[in-house]
Amino acid sequence: MCGIVGYNGKNKAVDILLDGLSKLEYRGYDSSGVAIKNEKIDVIKAKGKLTNLKEKIANMELNGTCGIGHTRWATHGEPSENNAHPHTSNDGSVVLVHNGIIENYQELIDKLEKHKYKFYSETDTEVLANIIDYYYKKYQMGPMDAINRTMVRVRGSYAIAVMFKDHPDDLWVARKDSPMIIGLNNDGAYVASDVPAILKYTRNVYYIDNMETACLKKNKVIFYDLNGDVIKKELKEIKWDISLAEKGGYEHFMIKEINEQPEVVRKTINSLLNEDNIDLSKTGLTIEEIRSFKQIYIVACGSAYHVGVCAQYILEDLARIPVRVDTASEFRYRNPILDKKGLVIIISQSGETADSLAALREAKKQGIKTLGIINVVGSSIAREADHVLYTLAGPEIAVATTKAFSTQLIAMYAIAIQFAKVKRKLNNKDYAKLIDDLKLLPDNISVILKDKQEDIQRLSSQFPNLQDAFYIGRGLDYAISLEGSLKLKEVSYVHSEAYPAGELKHGTISLIEDGTLVIGIATQDKVFEKTLSNLVEVKSRGGYIVSIVSKNAKVDKVSDFIIEVPKTNKYFYPSLTVVPLQLIGYYITVSKGLDVDKPRNLAKSVTVE
Ligand code: AGP
């Protein structure tokens with residue numbers, strides 16, 4: 001939940017570190033700090049947003065060409081300058097930044113205090129600086145040995161960048177479970193928690209695996225395994241362009257990413273099509289394997305979980321395969337009974353969400369095949385899943401997911417269609433029709449973005465003091481209403497609930513009074529009349545009805561505001577109705593003047609449970 005960055009090269013490190021941290025603030029922004037190697041190692045930290053650190057550094061002479069930086073999301077010890085990173089060993093000879101959690105830190109503190117180490121912060125990270133220092137001094141075998149011994153000794157997750165006073169020309173890094181990427185160009189070597197932080201300097205990156213260490217020299221990077229042996233690594237090229245990592249002229253990353261959906265949905269569809277056939281071969285899943293699956297379990301968190309709820313309706317109806325959907329934080333501890341002929345699908349944008357990673361390991365422990373639907377290449381879930389289907393949303397910066405969500409829907413449609421075909425539940429004509437409709441989705445989404453944004457902005461500006469909202473629907477419309485409700489809650493801090501429309505009269509309808517905002521989604525022909533009568537029930541209690549429907553649906557009598565989406569295949573409506581739902585969340589938040597991209601109490605990737 002933090003962002004780390006490091007540089008060792010020819011140029012002034014401080015500028016590169018601050019620039020990199022500004023691209024990582026979505027990972028955590030309650031405090032930050034840098035350490036720069038000059039005569040000695042200068043450590044500067046500040047509580048709050050990165051701007052506070054920049055102000056502190058503004059008039060300081062920091063000309064060193066080697067340094068590390070950190071932007072924090074507090075887990076151990078409340079946000080403060082003292083708890084901010086970098087952390088140093090007692091005598092300052094080891095200085096490091098860390099993303100992750102050291103689970104046995106208290107045990108290590110007790111051990112180190114016996115060796116006269118003192119601790120100034122409440123963090124688990126300070127322990128790392130001292131335990132590395134302890135091994136460094138005890139065994140006199142150099143930085144790599146000290147870090148490797150530490151990796152054997154500590155339990156938890158970490159990505160660390162370490163500087164040793166005695167080794168002024170080297171920057172050391174190591175990781176287990178937390179994300180890390182290493183870049184190289186003629187000006188030096190770079191390390192960061194995520195691509196956007198270094199994309200401005202290089203597209204050539206190395207992926208460092210769990211329990212590996214690397215030494216970043218000014219012109220090369222050397223990798224070591226836990227035995228201290230050198231490992232050869234291949235430089236890979238990142239294809240994302242810089243503008244994707246920056247706002248591209250939009251006011252916020254969220255609205256930029258909402259408008260990037262046609263393009264990334266098209267990219268993801270094309271990556272799953274071979275001519276006019278769904279092609280899942282990149283996942284490594286074979287036809288025999290697909291045919292053998294008797295049960296599917298979809299496990300995820302937050303919005304990714306909502307993709308799972310949508311997929312359940314489609315997979316069961318289209319492929320006639322039983323599907324169970326779980327939130328990962330429950331799945332990992334409820335000792336689930338898993339069918340040996342089952343497939344566990346983990347959906348995650350970041351690929352680093354701790355509960356989803358643990359759910360994956362739980363499934364693997366039970367010997368169940370696993371498939372990850374992941375957006376971040378090289379992330380932990382992607383590395384550990386048996387099969388991976390990458391979504392092509394590109395870097396998603398706004399904490400509230402939008403484009404990644406839409407690409408995950410596409411991935412699940414492709415899986416449902418192919419599983420139905422392989423299990424002979426779909427004839428060729430219907431198969432071809434589904435693929436034709438799928439290919440039209442990017443244009444359908446463009447139409448909504450072109451025609452409806454202003455309308456929705458006008459609608460949202462009517463609710464600057466909104467306190468409560470309800471989202472209702474049936475079937476797939478109910479599934480997507482869960483996402484609509486979360487989108488509003490997480491960025492605008494407005495309390496909202498999503499309900500199966502048929503559930504309202506069993507209690508919640510008592511909350512409806514004059515002017516209560518109710519967003520009704522009604523695209524499913526089979527239950528359209530039923531949903532309409534539920535909207536009438538709400539209307540008669542004074543609800544203000546916003547209806548999201550397919551073109552020409554007859555809802556004007558019950559609706560105060562109608563948002564039409566283009567007609568599409570009944571299974572694909574979530575991809576269309578989610579766009580107005582995202583825009584309502586966005587524009588209501590903008591009308592309240594809130595920080596859309598960095599909502600309070602949230603972080604983009606939840607790497608602790
Ligand atoms: C959604 O907008 C939130 N950022 C959050 O609910 C998110 O979907 C959840 O934390 C899962 O993240 P993941 O997809 O990276 O695993």
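# A walk through a predicted model

Let us start with two helices: the axes of α16 and α18 come within 9 Å and cross at roughly 20°. An angle under 35 degrees counts as roughly parallel, so α16 and α18 are roughly parallel to each other. Keep in mind as you look that this is a predicted model. If you check the sense of the crossing, you will find that α16 passes α18 in a right-handed way. Which residues make the contact between α16 and α18? On the α16 side they are L476, I480, E483, G484, K487, L488, V491 and S492. On the α18 side they are P574, T577, V578, L581, Q582, G585, I588 and T589. Sorted by class, this contact of α16 with α18 has eight nonpolar, six polar and two charged residues.

Now turn to the sheet. Five strands form an open sheet, and their order is β24-β23-β25-β26-β27, with parallel pairing. Which strands sit at the edges? They are β24, residues 495-500, and β27, residues 561-565, and each of them pairs on one side only. On average, neighbouring strands of this sheet are turned by 15° against each other, ignoring direction. For a closer look at one pair, take β23 (residues 468-473) and β25 (residues 517-522): these strands run parallel and are joined by four bridges. Within this part of the model, F470 stands opposite V518 in β25.

Helices lie across this sheet too. Our helix α16, which spans residues 476-492, lies across β23, β24 and β25. The direction of α16 is at about 175° to β24. Helix α15 (residues 428-460) lies across β26, which covers residues 544-550, and also across β27. Here the angle between α15 and β27 is about 165°.

Next comes another pair of helices. The axes of α8 (residues 261-271) and α14 (residues 403-422) come within 9 Å, crossing at roughly 30°. Because of that angle, α8 is roughly parallel to α14. The crossing of α8 past α14 is right-handed. From α8, the residues in the contact are Q261, V264, V265, T268 and I269, and from α14 they are K403, S406, T407 and I410. Divided by class, the residues of this contact of α8 with α14 are four nonpolar, four polar and one charged.

You will find T607 in the segment after α18, the helix of residues 573-591. Is T607 buried or exposed? T607 has a relative accessible area of 11%, so it is buried, since buried means under 20%. Leaving aside neighbours within four places in sequence, T607 is in contact with M1, N99, E352 and A354.

The other residue is D209, which lies in the loop between β11 (204-207) and β12 (212-216). With a relative accessible area of 30%, D209 is partly exposed. Again leaving aside neighbours within four places in sequence, D209 is in contact with R175, K233 and R383.

Definitions and conventions:
Residues are numbered from 1 along each chain as its sequence is written. This is a predicted model: local features need pLDDT of at least 70, side-chain atom pairs count only at pLDDT 80 or more; totals for chains, interfaces and linings use all residues. Side-chain values use heavy atoms; hydrogens and water are left out. Axes are lines fitted to C-alpha atoms, for helices over the stretch in contact, and angles run from 0 to 180 degrees between N-to-C directions. Angles under 35 degrees count as roughly parallel, over 145 as roughly antiparallel, 65 to 115 as roughly perpendicular and the rest as oblique. A crossing is left-handed if the near helix is turned anticlockwise from the far one by less than a right angle, and right-handed if clockwise. Contact means heavy atoms within 4.5 Å. Ala, Val, Leu, Ile, Met, Phe, Trp, Tyr, Cys and Pro count as nonpolar, Asp, Glu, Lys and Arg as charged, and the others, Gly among them, as polar. Buried means under 20% relative accessible area, exposed over 50%, partly exposed in between (1.4 Å probe, protein chains only). Two strands pair if DSSP finds at least two bridges between them.
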